[in-house]
Amino acid sequence: MTDSSGFDDRSENDSSTHRGQLEADGGEAGAPIDTEEARRRPYVESQVVMATVRLISPFVLTYGVFVTLHGADSPGGGFQGGVIMAATVVMLAFSFGIQPTREWVDDSALLGLVAGGVALFAVAILTPMAFDGAALELVVLESTTTVAVKWWVEMVEVAIGMMVAGVVVGLFFVISSGVFGTDEADREGDR
Amino acid sequence: MTLALELALIAFVVVTAVFAALLRDVLGSIAVFAAYSLGLAIIWVLLQAPDVALTEAAVGAGVMTFLFLLTIAKTTRPDTEKPLKQVDLKAFVVVAAVALLMLTTVPAMPEVGDPDAPPVSAEHPTGEQTPYSYYIENTYVQAGIENAVAGVLVVYRGFDTFGEAVVVFAAAVGVMVVLKREVLK
């Protein structure tokens, strides 16, 4: 996704410093960003950070999925797993540039994740009522649907995980767009 | 061994907390705050609260650090030579008084791991079963879930959890709407 452009830009902008980048991105708020290249410039130009993140992010993501899916059997659950999964995206954004990552992650997909999580939780609330139980009485489902309660609990954990991951990544992007100024304003203006 | 580790961690957490408050350089302060959260997470593991530890490490040391970093991106570094802030004496007295007041409750707490401590004992003094022992005894039997924390959160207290989820959802949507509007101005 963004890695190749990240490395290319790095070699081109070798002379500028980390702090200079921060000031250039943040200081000229409101100033039009001219070129595609300038917008895609990663503001942390560290080979070490990029290489490390590239190496560990698949494992961190896997761990986040593990924590979410094993909420019923081991410590953790949807909330912790969701935050860890979101941390992968945040980590990528910090090492390869927030703007390219923002373009890579679809805004509506994030909102869909959040709304879908709430909807999936609602399914867990309503399903027992369809089987003559009270709302959220998941224990009823064990005998009627032959799906163990554990798996219904896992479904709720996944719902929470989706929601939390969407919220954390969305919050991160929204705050970053306020700080570094994005093309969001331009795009809205064009519509 | 464990005691030495605990004492070292507590000392680490206290020192990092003080430095997070006193450092003039906000960037340094954030880095120290992340270290503080990580130390706290390890303390939670030692106190056998792995769920809390995971949350502390992921949210406190992880995501919060990134959000703080974004927030300070527009600030400038102080150009003074002194790395630490001057302590405001009045504020210090107030904080110390509150801390002392809270510390007076510590002797009243049961020892760590005490089986007769009120929250974890099998029965209240009145003879009723405590919620703790009820969940420990029944979570696996009734729901087949090994992690009692998840069992309480979803099976027994699912409605509360749903309420929390909806609150987070509503708060996030509200923040995003407000911030987007600010960006577009």
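## A surface patch on chain B

In this predicted model, Val93(B) is part of helix H4 of chain B, the helix that covers residues 89–103. Together with Val87(B), Leu89(B) and Phe92(B), Val93(B) makes a nonpolar surface patch of about 420 Å².

## Where chain B meets chain A

The size of an interface is often given as the accessible area lost when the parts come together. Between chain B and chain A the buried area is about 3,900 Å², and carbon and sulfur atoms give 81% of that area. The contact involves 54 residues from chain A and 38 residues from chain B.

Across this interface there are 7 residue pairs in polar contact, while the count of salt bridges between chain B and chain A is 0. On the side of chain B that touches chain A, at least two residues each are supplied by helix H3 (50–72), helix H5 (131–143), helix H6 (148–156) and helix H7 (158–184) of chain B. The largest share of that side comes from H7(B), with 15 residues. Sorted by class, the side of chain B that touches chain A consists of 27 nonpolar, 6 polar and 5 charged residues.

## Salt bridges

Side chains of opposite charge can pair when their charged atoms come close. Over all chains, a search of the whole structure finds 2 salt bridges. One of the salt bridges joins Asp73(A) to Lys150(A), with 3.0 Å between the closest N and O atoms. Asp73(A) sits in the loop between helix H4 (47–69) and helix H5 (78–96) of chain A, whereas Lys150(A) belongs to helix H9 (residues 149–180) of chain A, so this pair ties together parts that are 77 residues apart in sequence.

How values were computed: Residues numbered from 1 in each chain as written. Chains lettered and ligands numbered in written order. Predicted model: local features only at pLDDT ≥ 70, side-chain atom pairs only at ≥ 80, totals over all residues. Heavy atoms only, no water. Patch = residues over 30% accessible without salt bridge, like charges linked within 9 Å, V, L, I, M, F, W, Y side chains within 5 Å. Areas by Shrake-Rupley, 256 points an atom, 1.4 Å probe, with all protein chains shown as cover. Salt bridge = Lys/Arg side-chain N within 4 Å of Asp/Glu carboxyl O. Helix = DSSP H or I, 4+ residues; strand = E, 2+ residues; numbered from the N terminus. Contact = heavy atoms within 4.5 Å. Buried area = accessible area lost by both parts, 1.4 Å probe. Polar contact = N/O pair within 3.5 Å; in protein donor to acceptor, adjacent residues only side chain to side chain. Nonpolar A, V, L, I, M, F, W, Y, C, P; charged D, E, K, R; others polar.
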